[in-house]
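Here is a short tour of one protein chain.

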Amino acid sequence: MTDLKRPLRSQQWFDDPNHADMTAIYVERYMNYGLTRAELQSGRPIIGIAQTGSDLTPCNRHHLELAQRVKAGIRDAGGIPMEFPVHPIAEQSRRPTAALDRNLAYLGLVEILHGYPLDGVVLTTGCDKTTPACLMAAATTDLPAIVLSGGPMLDGHHKGELIGSGTVLWHARKLMAAGEIDYEGFMEMTTAASPSVGHCNTMGTALSMNALAEALGMSLTGCASIPAPYRERGQMAYATGKRICELVMQDVRPSQIMTREAFENAIAVASALGASSNCPPHLIAIARHMGIELSLEDWQRIGESVPLLVNCMPAGKYLGEGFHHAGGVPAVMHELQKAGRLHEGCMTVSGSRIGEIVADKVTGNREVILPYDEPLKHSAGFIVLSGNFFDSAIMKMSVVGEAFRKTYLSEPGKENSFEARAIVFEGPEDYHARINDPALDIDERCILVVRGAGPVGYPGSAEVVNMDPSAALIKQGVTSLPCLGDGRQSGTSASPSILNMSPEAAVGGGLALLQTNDVLRVDLNARSVNLLIDDEEMQRRRAAWKPSYPASQTPWQELYRQLVGQLSTGGCLEPATLHMRIIARSGGM
Ligand code: FES
Ligand code: MG
């Protein structure tokens with residue numbers, strides 16, 4: 001083992017002759033399960049394994065087994081592993097929404113990393129919000145840390161077709177609305193998309209965020225894309241356990257890895273991946289906890305012009321296994337490097353700079369990872385919109401398809417803009433209750449609007465903006481309408497939506513003033529969405545508006561609502577973003 005660059009903080013607990021009484025108390029209970037005093041006082045690093053897997057978090061559950069390989073790696077490198085639970089965040093089952101738990105898991109993890117005798121931590125990531133929650137905590141504490149992704153599920157298949165988790169749901173919903181499948185057919189088709197352990201196999205939020213963790217330099221090379229059941233996943237777990245010990249001994253901190261340049265690399269990678277629309281708020285949140293003021297403007301400035309290089313659902317046709325065999329994140333970064341779109345000097349947890357790592361990582365499959373100058377789509381990043389009733393919203397251009405362009409964005413003389421009649425819903429429950437109400441008179445020139453779905457309104461912010469047209473329209477062949485709202489949408493959705501509208505309706509954003517049958521003008525060239533009513537009418541509505549949102553159901557929901565910021569700035573607990581490097585601050589340990 002290499003020499004220590006600084007004393008281990010765990011020895012403040014386990015070996016302090018000046019406080020023998022406290023040392024004795026700390027040491028004796030850890031000896032209870034077989035650790036020896038000699039081990040605890042040997043000056044070997046104590047490595048936490050932040051366990052996000054449990055029976056309640058099925059996407060990460062195999063981390064319970066992977067942790068055994070992590071522990072073997074830690075032991076072989078001279079460290080002592082200590083596994084502990086992270087508050088579960090299960091995207092597919094947490095009510096009212098898993099987004100509520102990202103900040104809760106973050107808070108809990110910060111307290112553990114700060115308050116226990118840990119010298120470094122392996123962050124087990126996977127399901128959507130588990131990755132940003134872990135990285136936010138690593139940023140705040142600045143304790144040596146490394147990401148171990150759980151990896152995507154195997155590819156899904158149904159009747160000879162590749163089908164992806166999440167994405168299949170949006171497709172099957174339309175088939176059921178059109179009367180082409182029934183409940184049994186719906187269940188069979190959707191569950192076939194998830195054939196093994198692992199997180200979603202589409203380029204949804206889970207695979208996107210794990211890819212960005214690797215692009216940031218926080219995991220070993222190739223970690224993100226290895227499918228969960230592959231043997232390489234266990235081998236990666238072992239290598240990750242070994243490597244964290246070296247990071248502790250060399251005192252490599254997240255602040256040396258997650259720099260502004262690293263975040264800019266991650267933005268470029270997100271565009272090339274056709275990454276989830278949840279990546280902007282998550283990456284902004286991680287950066288802000290690192291003390292870096294990343295903004296939506298950075299996403300547009302750096303990311304918008306980057307082409308779509310990765311042919312994965314929902315923007316393309318392949319899934320996690322195909323992405324992995326094509327070379328995964330390093331092969332994507334190789335294309336960006338050749339195009340001069342990478343900060344090559346960024347350090348990574350592997351000990352090498354990103355430019356060196358990806359220099360020879362040419363893809364093995366041009367069907368899945370395309371060359372920069374022959375992409376699936378040009379300028380495929382997110383655009384940032386604003387208007388006379390909101391400050392910012394995003395739109396994911398990689399999923400804006402030809403059919404949508406033809407219907408809405410190609411009127412001669414008005415290319416890239418359209419006007420639409422708003423149909424306004426008060427949250428997802430109201431949408432489901434009324435979407436098929438004939439009185440709404442929904443046609444193909446309507447825009448579906450949902451409000452009350454932002455961080456305060458639907459505490460956490462709901463993934464609901466990707467709304468389907470009415471069943472009647474779907475039966476006529478109109479399978480998608482433009483959507484807009486203050487909520488988010490699933491990263492697995494290909495809906496052409498204007499999302500994450502900030503400020504949200506619940507805090508008095510102008511979205512609260514919209515009425516059904518108002519006309520909105522969307523102009524993608526001008527990056528604007530404007531409500532076509534005069535100022536007097538706007539003021540009249542503003543004067544009549546009263547703040548309201550459903551009562552909090554739990555104490556955490558209430559605390560969350562009091563402290564949370566808007567999605568445009570990451571949906572963070574605002575007091576937590578004050579630049580607190582907690583461990584660095586408390587005596588440099
Ligand atoms: Fe957990 Fe998709 S629901 S990764
Ligand atoms: Mg999601």
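A crossing of two helices is left-handed if the near helix is turned anticlockwise from the far one by less than a right angle, and right-handed if clockwise. With that in hand, look at the helix pairs. The model is predicted.

**Two helix pairs**

H7 passes H8 in a right-handed crossing. Helix H7 covers residues 167-177 and helix H8 covers residues 183-191. They pack at an angle of about 165°, with their axes 9 Å apart. Angles over 145 degrees count as roughly antiparallel, so H7 is roughly antiparallel to H8. On the H7 side, the contact is made by Val-168, Leu-169, Ala-172 and Met-176. Facing them in H8 are Phe-186, Met-189 and Thr-190. Six of the residues in the contact of H7 with H8 are nonpolar, one is polar and none is charged.

The other pair is H5 and H6. Helix H5 spans residues 99-115, and helix H6 spans residues 130-141. Their axes come within 8 Å and cross at roughly 40°. That angle makes H5 oblique to H6. The crossing of H5 and H6 is right-handed. H5 brings several residues to the contact, including Arg-102, Tyr-106 and His-114. Among those they meet in H6 are Pro-132, Cys-134 and Met-136. The contact of H5 with H6 has ten nonpolar residues, three polar and one charged.

| Helix pair | Angle | Axis distance |
|---|---|---|
| H7 and H8 | about 165° | 9 Å |
| H5 and H6 | roughly 40° | within 8 Å |

**The sheet**

In what order do the four strands of the open sheet lie? The order is E2-E1-E3-E4, and the pairing is parallel. Strand E2 (80-85) and strand E4 (145-149) are the edges, each pairing on one side only. From one strand to the next, the twist averages 25°.

Inside the order, strand E1 (residues 46-51) pairs with strand E3 (residues 120-125) over four bridges. Ala-50 stands opposite Leu-123 in E3.

Helix H10 (residues 231-249) lies across E1, E3 and E4. Helix H10 runs at about 175° to E4.

The end C-alpha atoms of residues 367-570 lie 34 Å apart.

Definitions and conventions:
Residues numbered from 1 in each chain as written. Chains lettered and ligands numbered in written order. Predicted model: local features only at pLDDT ≥ 70, side-chain atom pairs only at ≥ 80, totals over all residues. Pairing = 2+ DSSP bridges. Axes fitted to C-alpha atoms, helices over the stretch in contact; angles between N-to-C directions. Contact = placed C-beta atoms within 7 Å. Parallel < 35°, antiparallel > 145°, perpendicular 65-115°, else oblique. Nonpolar A, V, L, I, M, F, W, Y, C, P; charged D, E, K, R; others polar.
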